[in-house]
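Biologist: I have a structure open and would like to go through it with you. Can we take it piece by piece?

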Amino acid sequence: MRTRLHPNPLATIRNLGILAHVDAGKTTVTERILFLTGAVHKRGEVHDGTTVTDFDSQERDRGITIFAAAVSCDWDGHRVNLIDTPGHVDFADEVERSLRVLDGAVAVFDAVAGVEPQSESVWRQADRHGVPRLAFVNKLDRAGADLDTAVASIRDRLGAVPLVVQLPVGREDAFAGVVDLVRMRALIWHDEQCTEGPVPAALHDEAVRRRHQLDETVAGLHAGALDEFCASGTLTEATLRTALREITLTGDGVVVLCGAAYRNRGIEPLLDAVVAYLPSPLDGASAERADPQAPFAGLVFKVQSSATGRRTFLRLYSGTLRKGDTVLDAGTGRTERAGRILRVQADRHTDVDVAVAGDIVALVGLKSARAGTTLCAPGHPVVFEPPTVADPVVSVAVEAVRRADSGRLAAALGRLVEEDPSLVVRTDPETGQTVLSGLGELHLEVAVEKLRRDQSLDVSVGRPRVTYRETVAEGVTGLVHRHVKQDGGAGQFAHIVLDVRPSDEDFVFASSVVGGRVPQEFVRAVEAGCRDALAEGPLGGHAVTGLSVTLTDGSTHSKDSSEMAFRTAGRLGLREALRSCRMTLLEPVVEVTVTVPDDAVGAVLGDLAARRGRVTGSANRAGTAVVTATVPLAELFGYATRLRSRTQGRGTFTSRPAGYAPAPA
């Protein structure tokens, strides 16, 4: 392993996530990285349930990643902090929280399937956070694998500019290595050992053609490379490397590598690319804060409760944190003591005395910090933008089988929500039942199973129910509402006139009041009251979305008008207006991608139609049919079992949220 010295140690840190659609092989990629770098001494396998990052018993039973897991390793004198993220849509919130604290990412794609639905979803999440990425086309040893087809899907479906820096040596089962187009050298794997040599004669002309194509594409994206390309018609290796890194950091293009992780092929050059092209903490939006000598500040992105205690996962953006230091929760103003600092390796850890800017560590001893909390030095408060939390779409009623366990269940649900903010627990006001809401059926299954396994609770679960919304189909204008209350002492007076119309946005508020008839502070109070009213609509008490409210007129009282009075008027006035509007009930819909044998397509299409599905596309690929459809989420409960029975166990499907659509009357 080569080592290099850097004047700033932060330049040798890489914080990156592994992103992919479920079953694209990202956990296997992570496992091979850990083995190759010497972080582990035995390769784990997903199908054996022996991987480092899928350490939870449910992950091993189900064969998928459920919880984001942090690991660290060393390569070429660099510290690589990896987060293996889930690939299933139900756990997209884990990906969201991880991306918030990462500097870069490796997106893994299946060489047969190319860009899949969840590949696209996590790519868009990384776009929102501005995270630079590399692409790794995996499973080139599979039947039907084709690098060019996978790259075309990256270009067409993701809108990215792929910069392919490798050419496969051999196809499908004969895949043996790659040609490095940057150095024009061949890397061949024999018995898991990588040897370097000249480009095979049979591939020389193709390699030269692809290198020229790479030079041309890079020159079109990088001004410095363009000057050299125009002068000489080619790029030197040094210029190409520099340009590839800068293009990666700006997001103007994505470097594409390839391999077969299960057979240990392609991992070494992937690690070299991570070091060469992905950013350090000194690059990007947080670069100005990345100073170990500055006041301490960091963002909590994950909380984990276990038998050994509560661990709070933290990304340090600036300063130095030492064991025993007092930290400030910038949101609540409370201080806590960091009793221990842990360098985490999935479910194992090592105690360290100090963590510095750029590190990802876990703290022990914090009692109240949650995901999204900013921790900082008490004398230097600062607040970082927290990761967004998706709204739940599926709910189930849960209760303890034994009445004596009700208290334990409430405490256990509280810990679940603390660990996973995308879970919501509430009490149904009509039935008194405890309702657990999440992002999907599997999400809730995992949460309930965690109660049973980790807390030894015997719980009963009701049938899943989806979360509906209400929207305005036809609005009202000129609705007058007066709020007058006089019960001794200072009274309350507010007079408002509202127009309500449908909108493409969730909620829009505006004021067209002139002449100061309603002061600005009261206008803001009316908006706050309207937002309060959105919690319950007139059709069934569901949240209201897709409307525009305009305050057109109003009046005040010299003594009895107040912000509280106008907020109350806004809430009650909009409720009255919604009762006068023509409302529509909305239900959540999902985009489903079903992969089945050709002989089962008819049965699958009929079943989708019976579930009120609308087919949006179909394609044939290597003897299988891929059908995409938009289906109401409520109709998908139990679909996995039905699909297996209709296809003799050969059919699979994935889904991702596609918003809301009008529900049938």
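Predicted model: local features only at pLDDT ≥ 70, side-chain atom pairs only at ≥ 80, totals over all residues.

Biologist: Is Cys-530 buried or exposed?

Modeller: Cys-530 is buried, at 0% relative accessibility. Buried means under 20% relative accessible area, exposed over 50%, and partly exposed in between (1.4 Å probe, protein chains only). Cys-581 is buried too, at 8%.

Biologist: Now rings. How many aromatic pairs?

Modeller: The whole structure has 5 aromatic pairs. Rings of Phe, Tyr and Trp (its six-membered ring) pair if their centres lie within 6.5 Å; planes under 30 degrees apart count as stacked, over 60 as edge-to-face and the rest as tilted. One of the pairs is Phe-109 with Trp-123, which is tilted, with 6.2 Å between centres and 50° between planes.

Biologist: Where do Phe-109 and Trp-123 lie?

Modeller: Phe-109 is in strand S4 (residues 104–110) and Trp-123 in helix H4 (residues 117–129), so the pair ties together parts 14 residues apart in sequence. Helices (H or I, at least four residues) and strands (E, at least two) are DSSP runs, numbered from the N terminus. Phe-109 is buried at 2% relative accessible area, and Trp-123 is buried at 5%.

Biologist: Why is the pair of Tyr-639 and Phe-653 called edge-to-face?

Modeller: Because the planes of Tyr-639 and Phe-653 are at 75°, with ring centres 5.0 Å apart. Tyr-639 is in helix H15 (residues 639–646) and Phe-653 in strand S36 (residues 652–662). Tyr-639 is buried at 1%, whereas Phe-653 is partly exposed at 25%.

Biologist: Back to Trp-123. Which charged end sits over the ring?

Modeller: That of Arg-133, 4.5 Å from the ring centre of Trp-123. For that call, NZ of Lys or CZ of Arg must be within 6 Å of the ring centre and within 35 degrees of the ring normal.

Biologist: Next, H6. What span should helix H6 have?

Modeller: Helix H6 (residues 201–219) has 19 residues and should span 27 Å at 1.5 Å a residue; its end C-alpha atoms are 27 Å apart, which agrees. The expected span is 1.5 Å times one less than the number of residues.

Biologist: Which residues of H6 are buried, and what covers them?

Modeller: The buried ones are Ala-207, Arg-210, Arg-211, Leu-214, Asp-215, Val-218 and Ala-219. The cover includes helix H5 (147–158), strand S8 (177–180) and helix H7 (223–232).

Biologist: How do S8 and S9 pair?

Modeller: S8 and S9 are antiparallel, over 4 bridges; two strands pair if DSSP finds at least two bridges between them. Asp-180 stands opposite Arg-185 in S9. The hairpin has 4 residues between the strands, and Met-184 in the turn has a positive phi of about 55°.

Biologist: And S9 with S10, over how many bridges?

Modeller: Strand S9 (residues 185–190) and strand S10 (residues 193–197) pair in the antiparallel sense over 5 bridges. Ile-188 has Thr-195 as its bridge partner in S10, and His-190 has Gln-193. In this hairpin, with 2 residues between the strands, Asp-191 takes a positive phi near 50°.

Biologist: Last topic. What does Ala-225 contact?

Modeller: Ala-225, found in helix H7, is buried at 0% relative accessibility. Leaving aside neighbours within four places in sequence, Ala-225 is in contact (heavy atoms within 4.5 Å) with Val-218, Ala-219, Leu-235, Thr-239 and Ala-243.

Biologist: Which residues does Gly-573 touch?

Modeller: Gly-573 touches Leu-479, His-481 and Leu-498, not counting residues up to four places away in sequence. Gly-573 is in helix H13 (residues 563–580) and is buried at 0%. The C-alpha atoms of Gly-573 and Leu-498 are separated by 7.7 Å, with the two residues 75 apart along the chain.

Methods. Residues numbered from 1 in each chain as written. Heavy atoms only, no water.
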